[in-house]
Amino acid sequence: MTDSRGYIEVNSLITAVSHQPAIWDARDPSYMDRLKRSHAWERVCQEMTEEWDDLHAKTKDRRLKDLQTRWRSLKDCYRRELQQQRKAEKSGGPTVKRKTYLYFRQLHFLKPVLEARRQVWKQKSSDWQVWFYFLFFASCPLLRSFVGRLPASLTQNL
């Protein structure tokens with residue numbers, strides 16, 4: 001809940017947003033529909049703010065922006081924590097004792113979505129490499145002959 005000074009109860013916000021996949025789940029069909037996403041945020045605001053329907057329009061807009069900003073911050077912190085954990089696992093070196101992000105467990109429902117986005121990004125970067133090769137190497141005979149003389153280990157991803 002939020003009080004009159006705008007304090008946001010983070011656990012309540014996480015719970016409210018988690019029940020609205022149109023806000024956070026890109027795999028959800030309603031995610032791409034701005035109107036449905038707007039309605040989802042409206043439901044979050046109603047749940048988070050006492051007497052939401054009685055508030056003035058400017059106050060509602062300000063409260064909505066505050067909740068959206070806080071949500072974005074929470075999501076970004078969770079994403080960074082996931083990246084740090086992946087990096088620590090990948091390095092294989094001794095683990096440094098550090099505290100995990102305070103809301104890591106509550107935000108764990110985001111992991112499949114963030115992992116899916118990561119896979120899409122990897123695919124897009126691979127597609128970009130293919131296009132780069134086609135546009136800059138395959139279209140120029142001189143460069144194509146140069147690439148043909150490179151060891152196979154250097155050109156296998158092209």
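Reply: Let us begin with a term: a salt bridge is a side-chain nitrogen of Lys or Arg within 4 Å of a carboxyl oxygen of Asp or Glu. Please note that the model shown is predicted.

Me: What separates the closest N and O atoms of Asp 76 and Arg 79, and where do the two residues lie?

Reply: Those atoms are 3.9 Å apart. Both residues belong to helix 4, where a spacing of 3 residues corresponds to about one turn of the helix. Asp 76 is partly exposed, with a relative accessible area of 24%, and Arg 79 is also partly exposed, with 32%.

Me: Which residue forms a salt bridge with Glu 115?

Reply: The partner is Arg 86, and the closest N and O atoms are 2.9 Å apart. Because Glu 115 lies in helix 5 (residues 111-138) and Arg 86 in helix 4, the pair ties together parts that are 29 residues apart in sequence. Arg 86 counts as partly exposed, at 23% relative accessibility.

Me: How should I read the cysteines, and what is the count of disulfides?

Reply: A disulfide is a covalent bond between the sulfur atoms of two cysteines. The cut-off applied to a pair of sulfur atoms is 2.5 Å, and by this rule the count is 0.

Me: Is Leu 67 buried or exposed?

Reply: A residue counts as buried when its relative accessible area is under 20%. Leu 67, which is placed in helix 4, has a value of 0% and is therefore buried. Leu 67 and Val 44 are 23 residues apart in sequence, and their C-alpha atoms are 8.7 Å apart in space.

Me: Finally, which residues form the negative surface patch?

Reply: The patch consists of Glu 42, Glu 50, Glu 51, Asp 53 and Asp 54. Glu 51 sits in the loop between helix 3 (34-48) and helix 4 (57-91). With a relative accessible area of 61%, Glu 51 is exposed.

Note on methods
Residues are numbered from 1 along each chain as its sequence is written. This is a predicted model: local features need pLDDT of at least 70, side-chain atom pairs count only at pLDDT 80 or more; totals for chains, interfaces and linings use all residues. Side-chain values use heavy atoms; hydrogens and water are left out. Patches are made of residues with over 30% relative accessible area and no salt bridge: like charges are joined within 9 Å, nonpolar side chains (Val, Leu, Ile, Met, Phe, Trp, Tyr) within 5 Å. Accessible areas come from the Shrake-Rupley method with a 1.4 Å probe; for residues, only the protein chains shown count as cover. Lys and Arg count as positive and Asp and Glu as negative; His and the chain ends are not counted. The place of a charge is taken as NZ of Lys, CZ of Arg, CG of Asp or CD of Glu. Helices (H or I, at least four residues) and strands (E, at least two) are DSSP runs, numbered from the N terminus. Buried means under 20% relative accessible area, exposed over 50%, partly exposed in between (1.4 Å probe, protein chains only).
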